[in-house]
Number of protein chains: 4
Amino acid sequence: MVIILKQNADKNKIRQLEERLLQQNIKVRPTEGDKQTILGLIGDTTVVDIDTLLSLDIVENVKRIQEPYKAANRKFHPHDTVVRINDTVSVGGGSFTIIAGPCSVESVPQITGIAESVKKSGANILRGGAFKPRTSPYAFQGMRGEGLKLLSEAKKETGLPIISEIMEINQLPLFSDVDIIQVGARNMQNFELLKELGHQDKPILLKRGLANTIDELLMSAEYIMSGGNNNVILCERGIRTFETATRNTLDVSCIPVLKQLTHLPIIIDPSHATGKAALVPPMAYAATAAGADGIMVEVHNDPPHALCDGAQSITPETFDSLAKSLIELRKYAYSYNQ
Amino acid sequence: MVIILKQNADKNKIRQLEERLLQQNIKVRPTEGDKQTILGLIGDTTVVDIDTLLSLDIVENVKRIQEPYKAANRKFHPHDTVVRINDTVSVGGGSFTIIAGPCSVESVPQITGIAESVKKSGANILRGGAFKPRTSPYAFQGMRGEGLKLLSEAKKETGLPIISEIMEINQLPLFSDVDIIQVGARNMQNFELLKELGHQDKPILLKRGLANTIDELLMSAEYIMSGGNNNVILCERGIRTFETATRNTLDVSCIPVLKQLTHLPIIIDPSHATGKAALVPPMAYAATAAGADGIMVEVHNDPPHALCDGAQSITPETFDSLAKSLIELRKYAYSYNQ
Amino acid sequence: MVIILKQNADKNKIRQLEERLLQQNIKVRPTEGDKQTILGLIGDTTVVDIDTLLSLDIVENVKRIQEPYKAANRKFHPHDTVVRINDTVSVGGGSFTIIAGPCSVESVPQITGIAESVKKSGANILRGGAFKPRTSPYAFQGMRGEGLKLLSEAKKETGLPIISEIMEINQLPLFSDVDIIQVGARNMQNFELLKELGHQDKPILLKRGLANTIDELLMSAEYIMSGGNNNVILCERGIRTFETATRNTLDVSCIPVLKQLTHLPIIIDPSHATGKAALVPPMAYAATAAGADGIMVEVHNDPPHALCDGAQSITPETFDSLAKSLIELRKYAYSYNQ
Amino acid sequence: MVIILKQNADKNKIRQLEERLLQQNIKVRPTEGDKQTILGLIGDTTVVDIDTLLSLDIVENVKRIQEPYKAANRKFHPHDTVVRINDTVSVGGGSFTIIAGPCSVESVPQITGIAESVKKSGANILRGGAFKPRTSPYAFQGMRGEGLKLLSEAKKETGLPIISEIMEINQLPLFSDVDIIQVGARNMQNFELLKELGHQDKPILLKRGLANTIDELLMSAEYIMSGGNNNVILCERGIRTFETATRNTLDVSCIPVLKQLTHLPIIIDPSHATGKAALVPPMAYAATAAGADGIMVEVHNDPPHALCDGAQSITPETFDSLAKSLIELRKYAYSYNQ
């Protein structure tokens, strides 16, 4: 961290600041320029509150040099984290994971039918929404607890591990049979929920918020990890920009950026990012080619009658050819991204 | 709502669509153009799922004509909602409300001292954070339940109604003495929390999310109102843009836009929007001149030693002159905004 | 400027870098941390190319400490620039300037009629578009050279100085009678045009680009000023964000930010920012209250028949009451913003 | 186009509006809803000015149904445009084009050396900047006319067609030997320049502006095409978002979106989008997998001594392996994107 002092900052106040930082085990190295003095801070600055520094009248600005996350930081943990699901599936570390399933669980035949179909096509994990975050209170809110039971049925039938989204701490007991708990984009900074998930022993798939930076995504992962749960899978699902041709803008470049900054695996969700079924395959290819650890896509046997997000769901037929192409492409892509 | 059909859309499928919409009490009026046909939908389209329509292979696009919110819509409730707090303070309907206090409650002398000071300067409501949403798990997380008790002390001492932020449903019992429950920007689409607050009989101050549109803010208000709680106060606190000179960009124009769209009162928070104490007064003036129903600002007796957000806190002295100027400006501004 | 070196950076390469910087009269002061070394750069770093530094394999990151602009920087020119127009109007330095007129010049009676009307209401400068930047090639492109002649007519009739937008260097000779040359938002980084305008002896009104930061706006001002023309007036007209309720988002907070960073005057254009006539008055009030040096608004005697931007034009009647309110508000606002 | 009328809109004014539209050969079909009436417009609405409609007091809102571009619209020109460069290279229609070269032309050995190297690696076209748009007036502005001459030298030596950026109409005569004229992101809405290029008989590579939508990009292409020049190549180079980990956010999803909307070829520039050499290869792979018609990358033999944009330039060695991988990947990707 570097503190830029105001011109003619009071020397006594600078000394007081240095003493205060020393109490946090931070040493201070000043560099005097022609017009301004900067202070270099040496030590673990993750505990230093930038905001408090900025409120000092001798301080003009503060620049962070080190990342504010530790557990999620590749600098301190150079090897890829591999998240194991039920001893059957690995996420990260060279594996390529395909998560597929309907936006919402709707009935036993629906979820079981789709599960069998996507498994045959090559999916490793079954997704299915039970608690649905909908912008409108008048829209279908999901089958909730009942939906999780149906998802368990499909798991029993097919052996596929299951993932579903939690929206609130009190729902946790209902997730006992769920293999990966998903935190949705709108809850990425629901810090109370993250803390609670830090005490669970299940893998967490953490979706990036619509308006959250990569650094903030890693800080939210840090919330979970600092509680003791290191099995965090990151997921990019589009960020909000001025462009309206797609629902959100899929930030494909976050893949190589995250590969540098963190050891956690990164999964891409082209369905929510684009909001349009026709754009799902090309964006899934793009993400795979850029080095993603996997893909999460919405598949519905009858998109026009889906109870939510039909416009972005692909059919089992499209998924079948997509999954096969992705698996092939991945082999090729993995070699040139090494 | 208008459905734009694809060129050469199958006539049978169009008829099926019409029948399906009729079952939702929506009548369909087609207009045939040279190249394309559009369907105008007549009836209450808030229940129609655009996404499902978009997944139909005969549909090219869908445009919404009517706002998707009803309870919050000024069209159906032309008169300003006035939210009454403890029979002592009114928000909306011509009143001007000043909410002030520290980012975090830190101690009895701190919160009581600030409360007395801001009351004398003209504040109507005392704010104080107990549960603090912080980006970093290593930052001070607030005094939590204990903080709410200290806030109650300050209320007893000064008679000022109090407002504090809730982060999670299970914290609700601790808010029994809190007069207005605040939903923070990061929880604006925490729909489970909103639903629960819809069943409370306390006013809710709902902050706009960093990346949420005005329409989405109103849909979140609708979540609370559709549960039966009509005492919703909206709050703008800056949106995320590419500009980095301020922490966020205060969307001042949302004030006149919201005045057209809704009958709910709108409060502006220049402290979180700008992140810099020096920018708080000019932006408070701007918001007041544009017709806001009130202002919420952070005041701290000792910003450099504040446990959070010191950089954006103004001192009691600055607040005193700001509050007096705002009250005068408001008289003037209210007349020309009528 | 601070260079953050990679861990274990080669010592020889660091020495080479130091020598290279010394040749640019930049001294280097290293600070060795536990894990990383940073280099503080002392001297005039406006000439240092960050990009080149970033391409060095020993460099992890570079942070700028000083602003990259000099001529526009308030640090080096603490007093407000006052731009004088024709010895009759001053912009900046405590004056409040109202610029008004139609989006497009359409005919002699139209422009002269509006000019007389806005002058009577209190406008100081007449605006009128001759060369019109339109998104569509099929839209009306302005009366071009002919329009400038009509604008001159209106100047002769009313004595009001005139401002009009230039779109291309070759149009310069046609602007001989124009008092202020406007650079539109889309040309804010048309650097060749800026350089040419740096050699003119006319005031330039420089509009901020839709996606340009405040720093970039000042760098574009620097282009003009480094050519010798210091009479630059800045103009904010909304930035592009995800919000669609307004055409753009007026960044009102740029006003106090610019007042800190630069000595140049800042004018606000609420017409283009909002795109809606009803939002123009409240946003003009907001800008004035926040300390803007003036306002530029579109006024049309017959908005529904305007050849461009009718939706955002206010009528002469609305302008009359707006201008009078603004002048009163300014007196008040100026005192509390000091 | 659909006009949404205000509730209780005056019938006479509606009739006047209908008559006015009829004069533009637009027929009007009203649909009366419970509360509101909408008017469907039939005919060529590209000539209708939405803004004028919005200024009418009977109009609440206007929604566009048809795209506002014709020449660039795939609906009217279903077959891919193939742009031929010097009878040696084709862009679009199934070809895959690799454009490579330095940010700036610096000397004969530099440009010729790089040209020979990238040609050997598989590049089809040589890029080299002569006129450089730089944010700072104190930064290197390019070799200008001299640079174009050196670029011609390299063309003569290698036979590679050349592309370079124009910044201003008056520079046109200097581009006589340049095979493709590039319009930079900052000039995407420099409409006077676009009109002029519409009269040239050279291919134009049009870069998307940092804050421009896909629709606006196509409208700018339409400016060139409406002048008679149909040889337009689109280029995506990142859009401005809140994320700062990359210089801009590469909008990879624009590739499949543009493939639907237009017949023009689309090239991706991962160098300017990311600003970081290490991110160039993964993003080039992503773009290719998503179906781009080609890639434009910056290659420099000595990035740390490049006169501009060194941080984003890859070395000839990296380019060699990248180009070979891309050509292979393309074969694969092209088949599954059909």
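Biologist: How many strands form the closed barrel of chain A, and what pairing do they have?

Modeller: This is a predicted model. The barrel has eight strands, in the order E7-E8-E9-E10-E11-E12-E13-E14 of chain A. The pairing is parallel. On average, neighbouring strands of this sheet are turned by 30° against each other, direction ignored.

Biologist: Take one pair. How many bridges join strand E9 to strand E10 of chain A?

Modeller: Four bridges join them. Strand E9 of chain A covers residues 162-166, and strand E10 covers residues 180-183. Within this pair, A:Ile163 stands opposite A:Ile180 of E10(A).

Biologist: Which strands does helix H3 of chain A touch?

Modeller: Helix H3 of chain A, residues 108-121, packs on the sheet and touches strand E7 (97-101) and strand E8 (125-127). The direction of helix H3 makes about 145° with that of E8(A).

Biologist: And where does helix H7 of chain A lie?

Modeller: Helix H7, residues 254-261 of chain A, lies across strand E12 (232-236) and strand E13 (266-268). Helix H7 runs at about 170° to E13(A).

Biologist: Step back to the whole chain. What domains is chain A divided into?

Modeller: Domain 1 spans 2-63, and domain 2 spans 83-337. Their C-alpha centres lie 43 Å apart in chain A.

How values were computed: Residues are numbered from 1 along each chain as its sequence is written. Chains are lettered from A and ligands numbered from 1 in the order in which they are written. This is a predicted model: local features need pLDDT of at least 70, side-chain atom pairs count only at pLDDT 80 or more; totals for chains, interfaces and linings use all residues. Side-chain values use heavy atoms; hydrogens and water are left out. Domain bounds come from an automatic or database domain assignment. Two strands pair if DSSP finds at least two bridges between them. Helices (H or I, at least four residues) and strands (E, at least two) are DSSP runs, numbered from the N terminus. Axes are lines fitted to C-alpha atoms, for helices over the stretch in contact, and angles run from 0 to 180 degrees between N-to-C directions. Contact means heavy atoms within 4.5 Å.
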